[in-house]
Amino acid sequence: MIQHNKKIYHMKNLNRRIINSSPCRRCGTCCKKNSPSLHGIDSELIQSGAIPRNQLITYRKGEWINDNVAGQFIRLEQDIIKPIENKKDGYCTFYIVEDRSCGIYAHRPVECQTQNCYDPEPFIQMYAKNRLTRRDIFPSNSAYYEMIEYHESRCPLSELENIRPFSNMIVSEQAISTFKEMIRFEFHFRYTLHKRTGLQSSEMNFLLGRSVETILNHMQVKL
Ligand code: SF4
């Protein structure tokens, strides 16, 4: 992973355990491919603000994602939280193109510490284990936790089980009706949340994940 030159985010004093100190060639390959999934040990980066919440996105249980290691689309069995990726080229949001460096190098997530061009095995062994979820971050008696649970109960992604991404599948009338209802609900839910709490859509991407409409568009599912 890329060594840090510029400090662009406010850094807190964290006693981070540095997993891997192998030499980095600063080729940028890891940071350009995608952003890292966060793991349990990374929760302190969010809690401390070293990684701002508005720079994160949640991929929810039931979504299809491209698993780079497996080399195929898989359906998530639990949430994944990641730094957002640049829409244009898919680079990690913390990657600084100009000097090929990481904007949070001192506090980079554990996946970034483990990635090693010369030996991918340690990363392969750890990438799917102990992934961080929203429920690890918000206490179960908090308003945010309740909001997440309520949203999940109204917009579960179980209907995606039989729909492959980019497959041009004909979606059943029942599924179309369910998705349309979810999209209607989400529109009002997110709007009300913003009005009542001031929460911006960038923070909702972390709290609630992408909207159902965005997920379906990304899978190229037509309703
Ligand atoms: S957090 Fe830093 S090291 Fe990790 S992928 Fe992003 S830019 Fe690269």
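Student: In which helix is Leu216 found?

Tutor: The model is a predicted one. In it, Leu216 belongs to helix 9, which covers residues 212-218.

Student: What makes Leu216 buried or exposed?

Tutor: The count of other C-beta atoms within 10 Å decides, and 20 or more makes a residue buried. Leu216 has 21, so Leu216 is buried.

Student: Which residues does Leu216 touch, not counting residues up to four places away in sequence?

Tutor: Leu216 touches Phe179, Val221 and Leu223. A contact requires C-beta atoms within 7 Å.

Student: Which residues of the largest nonpolar core touch the most other members?

Tutor: That core has 16 residues, and Cys31, Ile51, Phe94, Tyr95, Cys102 and Ile104 touch the most other members. Another core, of 7 residues, lies apart from it and includes Cys155, Met182, Leu216 and Val221.

Student: How do you know that the span of helix 7 is close to the expected one?

Tutor: The expected span is 1.5 Å times one less than the number of residues. Helix 7, residues 173-197, has 25 residues, so 36 Å is expected. From first C-alpha to last, helix 7 reaches 36 Å, which is close to that value.

Student: What follows helix 7?

Tutor: Gly198 does, with a positive phi near 80°.

How values were computed. Residues are numbered from 1 along each chain as its sequence is written. This is a predicted model: local features need pLDDT of at least 70, side-chain atom pairs count only at pLDDT 80 or more; totals for chains, interfaces and linings use all residues. A nonpolar core is a set of buried Ala, Val, Leu, Ile, Met, Phe, Trp, Tyr and Cys residues joined through C-beta atoms within 7 Å. A residue is buried if 20 or more other C-beta atoms lie within 10 Å of its own, exposed if 12 or fewer, and partly exposed in between; C-beta atoms are placed from the backbone. Helices (H or I, at least four residues) and strands (E, at least two) are DSSP runs, numbered from the N terminus. Two residues are in contact if their C-beta atoms, placed from the backbone, lie within 7 Å.
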